[in-house]
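Dear colleague,

Please find below the structure that I am handing over to you.

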Amino acid sequence: MSSLSERARGAVSRAADNPALERLTRAGFVGYGILHLLFAWVVVRVASGGPTADGDQSGAMQEIADEPFGLVLIAAIVVGLVAMALWQVLELLRDRRAGERLASAGRAAFYLYLAFSGVKVLRGKKSSSADTQQDTAEGLLASSGGRAAVMVVGLVLAGLGGWLAFVGFTGRFEKHLRVGEMAAATRRLVRRLGVAGFVAKGLAYGIAGVLFVVAAWRFDPDKARGLDAALRTLAGETYGTALLLVVAVGFAAYGLFAVTEARYRKV
């Protein structure tokens with residue numbers, strides 16, 4: 001049995017080390033970075049009060065769907081995201097550490113979720129993850145035990161936001177990078193981009209999580225719209241515009257950081 005397990009683990013390792021998968025995964029990081037840069041632009045639009053799609057990643061894809069070569073770019077991003085998800089599934093299967101396996105599972109699920117949103121855009125459907133989240137929350141709040149489920153989702157999102165901010169402040173993201181290949185100036189730049197990006201994402205997801213908890217507490221599904229609700233809630237605050245611009249800069253920084261991962265990420 002152990003011999004079979006070792007052979008299976010060896011097969012997984014060979015698949016994970018496939019050069020074609022590595023190239024697609026690295027290209028995926030570029031697309032992932034572009035998606036965050038587009039999302040940063042959506043945040044700026046929300047801050048300025050201008051018309052915009054949903055304030056989340058699906059909204060970012062909707063923003064470019066009608067642009068020249070927009071669908072081609074979305075298709076390329078989807079392919080890269082699927083490759084990244086497959087890479088994370090293989091990492092999950094060959095890693096023996098429970099924490100890393102859980103992290104890989106979460107990343108794979110998120111990449112597939114974004115890829116699915118992109119596929120819906122390519123098929124001409126209005127991909128509104130905010131509406132989907134709101135409708136799901138509304139159904140849950142109307143069911144027995146649903147209020148607790150929505151609250152748990154909110155706590156998980158808030159916890160994720162706190163973890164992302166912690167990763168940013170401590171620079172833990174560097175353990176996934178080949179920092180030894182970077183020049184000193186490059187490493188400083190990448191670290192600054194990573195810190196700003198992870199902290200900004202942590203802030204956004206943390207607020208989204210709190211709003212899910214509020215939605216459950218007040219039976220208000222309008223608050224359970226994920227990042228879209230978080231951004232629009234900030235926009236309504238006294239210093240909301242300034243905070244949103246800070247968040248936009250942070251997401252743009254994360255987008256640039258993701259592009260550097262295409263070169264330096266351990267894949």
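Helix 4 (70-94) and helix 5 (98-122) each contribute at least two residues to the lining of the second largest pocket, and helix 4 gives the most, with 4 residues. Helices here are DSSP runs of H or I of at least four residues, numbered from the N terminus. A pocket is an open set of points on a 1 Å grid over the protein atoms alone, where a 1.4 Å probe fits, with protein on both sides within 12 Å along at least five of seven lines; lining residues have an atom within 4 Å of a point.

The model is predicted: local features need pLDDT of at least 70 and side-chain atom pairs count only at pLDDT 80 or more, while totals for chains, interfaces and linings use all residues. Residues are numbered from 1 along each chain as its sequence is written, and side-chain values use heavy atoms, with hydrogens and water left out.

The second largest pocket holds about 250 Å³ of space, a volume being the space filled by probe spheres set on the points, which are joined across faces, edges and corners. Its lining comprises 14 residues, of which Glu91, Glu100, His176, Arg265 and Lys266 lie nearest the centre. By class, 9 of the lining residues are charged, 3 polar and 2 nonpolar (Ala, Val, Leu, Ile, Met, Phe, Trp, Tyr, Cys and Pro count as nonpolar, Asp, Glu, Lys and Arg as charged, and the others, Gly among them, as polar).

Turning to the helix pairs, the axes of helix 2 (residues 19-48) and helix 4 come within 7 Å and cross at roughly 125°. Axes are lines fitted to C-alpha atoms, for helices over the stretch in contact, and angles run from 0 to 180 degrees between N-to-C directions. Helix 2 and helix 4 are therefore oblique to each other (angles under 35 degrees count as roughly parallel, over 145 as roughly antiparallel, 65 to 115 as roughly perpendicular and the rest as oblique). Their contact residues divide into 14 nonpolar, 4 polar and no charged.

Helix 2 also packs against helix 10 (residues 240-264), at an angle of about 170° and with the axes 7 Å apart. Helix 2 is therefore roughly antiparallel to helix 10. In this contact, 22 residues are nonpolar, 4 polar and 3 charged.

Yours sincerely
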